[in-house]
Amino acid sequence: MVARVLLPTKKVLDFSITALRFDDQVQTILKWANRRESKAVYVANVHMLIEAHWNPEFATVLRNADIVTPDGMPLVWMMRKMGALYQDRVAGMDIFLALCQRTQTQNLSIFFVGSQTEILSRMQKRLEQEFPQMKIAAMEPLPFRPLTETEDEALVQKINSSGASAVLVSLGCPKQENWIAQHKGKIQAVMIGLGGVFPVYAGIHKRAPRIVRDLGLEWLYRWIQEPRRLCGRYAKTIPLFIWLATKQLLSSSRIAAVFLHETGD
């Protein structure tokens with residue numbers, strides 16, 4: 001049994017986010033993939049942290065991850081305030097593209113799970129054009145209903161027998177993170193929850209321009225594209241995140257002030 005690697009983290013709300021630069025996080029994922037270690041990687045944003053804040057079971061899932069990347073810029077800003085001064089964004093799409101590029105030269109294959117047949121088909125065509133040396137182990141859409149025990153065992157067998165080193169999962173938060181947690185130890189590969197990356201790469205949705213992403217306004221760009229689906233979510237998550245984050249920053253400032261006073265600095 002491989003010992004769990006303790007990577008540096010910073011707390012955002014009450015959850016540990018991996019405090020490594022983008023390249024370091026990708027290299028860690030690739031190292032695990034080369035060894036076909038069963039690992040859980042979650043790509044966190046405001047929505048995910050608030051889901052975990054509301055749901056104790058999901059909070060446990062998040063805390064048991066091997067890597068939780070700061071996808072959303074609000075998380076990056078919070079981490080910088082907490083001392084990770086050079087923390088950059090480790091976004092799902094950028095992880096996806098980096099893995100597709102770098103696995104070409106490392107003899108690693110990727111298995112894609114979730115989404116819809118049409119989306120996966122469009123992804124495959126684009127991947128074959130942009131990453132011609134990339135090895136696609138397989139692409140497996142999942143039904144909206146839960147899999148039966150027999151179906152799930154067959155899927156696990158298919159993934160493991162494919163030789164895939166990484167499994168990219170697109171089921172939406174928190175479904176994909178729960179799925180990964182349930183299969184940790186069963187699937188011999190690094191599992192990464194990528195949420196909406198698949199439809200964006202397939203051309204169904206557009207990714208926000210870099211300036212919009214850097215300003216932390218990608219949520220607004222997405223809301224304009226999908227107002228009905230996202231309006232309720234954002235109304236519930238964004239104000240609460242701002243409130244909890246502000247409380248955390250004020251608390252940490254008070255703690256720092258007390259420490260400086262007691263040490264005489």
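Thr-18 lies in strand E2, which spans residues 15-18, and in this predicted model its relative accessible area is 3%, so Thr-18 counts as buried, the cut-off being under 20%. Leaving out residues up to four places away in sequence, Thr-18 touches Leu-7, Pro-8, Thr-9, Gln-25, Ile-67, Val-68, Pro-70, Met-79 and Gln-87. One of these partners, Met-79, belongs to helix H4 (residues 73-81), where Met-73, Leu-75, Val-76 and Met-78 are buried as well as Met-79. After H4 comes Gly-83, which has a positive phi near 115°.

Strand E8 (residues 190-193) has Val-190 and Ile-192 pointing one way and Met-191 and Gly-193 pointing the other way, and all of them are buried. Its pairings are set out below.

| Strand paired with E8 | Sense | Bridges | Residues standing opposite |
|---|---|---|---|
| E3 (residues 39-44) | parallel | four | Val-41 and Ile-192 |
| E7 (residues 166-170) | parallel | four | Ala-166 and Val-190 |

Between E7 and E8 the chain passes through helix H8 (residues 175-183), and this β-α-β crossover is right-handed.

In soluble globular proteins, nonpolar side chains tend to be buried together. Here the largest nonpolar core has 41 residues, and the members that touch the most others are Val-12, Leu-13, Leu-49, Val-167, Trp-179 and Phe-241. Helix H2 (residues 46-54) supplies the largest share of this core, with five residues. A second, separate core holds 38 residues, including Val-90, Met-123, Val-190 and Val-197. As for Leu-13, its contacts, apart from neighbours within four places in sequence, are Leu-49, Ile-50, Phe-241, Leu-244, Ala-245 and Gln-248.

How values were computed:
Residues numbered from 1 in each chain as written. Predicted model: local features only at pLDDT ≥ 70, side-chain atom pairs only at ≥ 80, totals over all residues. Heavy atoms only, no water. Core = buried A, V, L, I, M, F, W, Y, C linked by side-chain atoms within 4.5 Å. Buried < 20%, exposed > 50% of the residue type's maximum accessible area, 1.4 Å probe, protein only. Helix = DSSP H or I, 4+ residues; strand = E, 2+ residues; numbered from the N terminus. Contact = heavy atoms within 4.5 Å. Pairing = 2+ DSSP bridges. Right-handed = clockwise from strand over helix to strand, strands pointing away.
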